[in-house]
Amino acid sequence: MGIFNFFTQGIAIDLGTANFLVIHEDRIVVDEPSIVAFDRRSGKVLAVGRKAMQMEGKTHENIRIVRPLKDGVIADFYAAEHMIKGMLQLFDNGKRRIAPSYRMVVCVPSGITEVEKRAIRDSAVIAGAKEVYLIHEPVAAAVGIGLDVQEPTGHMIIDIGGGTTEIAVIALSGIVCDQSIRVAGDSFDAEIVHYMRRKHNILIGQQTAERIKMEVGAALPELRDPPADFSIRGRDLMTGLPKQVKVSYTEVAHCLDRSLAKIEDAILKTLEITPPELSADIHQEGIYLTGGGALLRGLDRRIASKTKLPTHVVEDPLRAVVRGTGIALKNIGHFRFLMR
């Protein structure tokens, strides 16, 4: 058994559309963007994570940049396999002569299909997993913020990630009702790119759009503590020359309104199909916001206003899912909601 433990490492993975996080022995050992760079001629991996992201939008014809996940699931199987291998090498650093096998717990969207589950399992096995367990993201988020998902009390979790927004009511170790929509951080970035093109005649890249979202992103046009206007640079569509413009949080709030309205509709739909006993629990406890999208200024106030329910942004929402996945890894034998 000792030899088995030496060669088998337990790791928890948040295989996100935007970020790839790994927990090993109760600490986050990898926190990198979900992106990989290939040499087109040889097919060799040039970089993964942050190094590959620095290349995005700046490559020549011999370098191919790939984001293997789209809308929370694997879109490019080959790239995903190499990205997982590369990420695991980041924390292992080649310290062992014999490559370890892994016991993995991987979180997945609640609306995932059997084919998509199979793609994740196969990628994990090729990357060195001996055992693979899957956990739904809303359940992992609930565990990560300290909720007891095994008791007969309803908890409502809204996890706004990079590719999907997961809305779920959880009780007795399972998801009672849920909605999984493909409107999340990437959709916000696309809306910002489109708005800057339409309103300011300036073309910007995805990384610049993400910076706008982080610096002046807002869900409401009026905030109590508004951020200062943010200057960005891009290409003027009229002249083709570099150009600089200032963006305010009010502009971003108007530009994201359509995507946020879709999330609100999904929340209301989930509340409509929630059993009455669990509705009573949610009325008392409120809604918990997790994921990177929870950091959007004023989002909790907007959802609270729409649902008339207390809405809480959890502590460190970006890592709530991977923390819960790590706790599930430590309690593999006790958590009934883990899928093999």
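Trainee: Which residue in strand 3 stands opposite V22?

Mentor: This is a predicted model. Strand 2 (residues 19-24) and strand 3 run antiparallel and are joined by six bridges. In strand 3, the residue opposite V22 is V30.

Trainee: Which are the edge strands of the open sheet?

Mentor: The sheet has five strands with mixed pairing, in the order 3-2-1-9-10. An edge strand pairs on one side only. The edge strands are therefore strand 3 (27-33) and strand 10 (129-136).

Trainee: What angle does helix 5 make with strand 10?

Mentor: Helix 4 (residues 114-126) lies across strand 1, strand 9 and strand 10, at about 145° to strand 10. Helix 5 (residues 137-144) also packs on the sheet, touching strand 9 and strand 10. The direction of helix 5 makes an angle with that of strand 10 of about 85°.

Trainee: How far from E251 is the nearest side chain of opposite charge?

Mentor: E251 is found in helix 8 and is buried. Its contacts beyond four places in sequence are Y195, K199, H200 and K246. A salt bridge needs a nitrogen within 4 Å of a carboxyl oxygen, and E251 has none. The nearest side chain of opposite charge, K199, is away by 5.9 Å.

Definitions and conventions. Residues numbered from 1 in each chain as written. Predicted model: local features only at pLDDT ≥ 70, side-chain atom pairs only at ≥ 80, totals over all residues. Heavy atoms only, no water. Helix = DSSP H or I, 4+ residues; strand = E, 2+ residues; numbered from the N terminus. Buried < 20%, exposed > 50% of the residue type's maximum accessible area, 1.4 Å probe, protein only. Lys, Arg positive; Asp, Glu negative; His and termini not counted. Contact = heavy atoms within 4.5 Å. Pairing = 2+ DSSP bridges. Axes fitted to C-alpha atoms, helices over the stretch in contact; angles between N-to-C directions.
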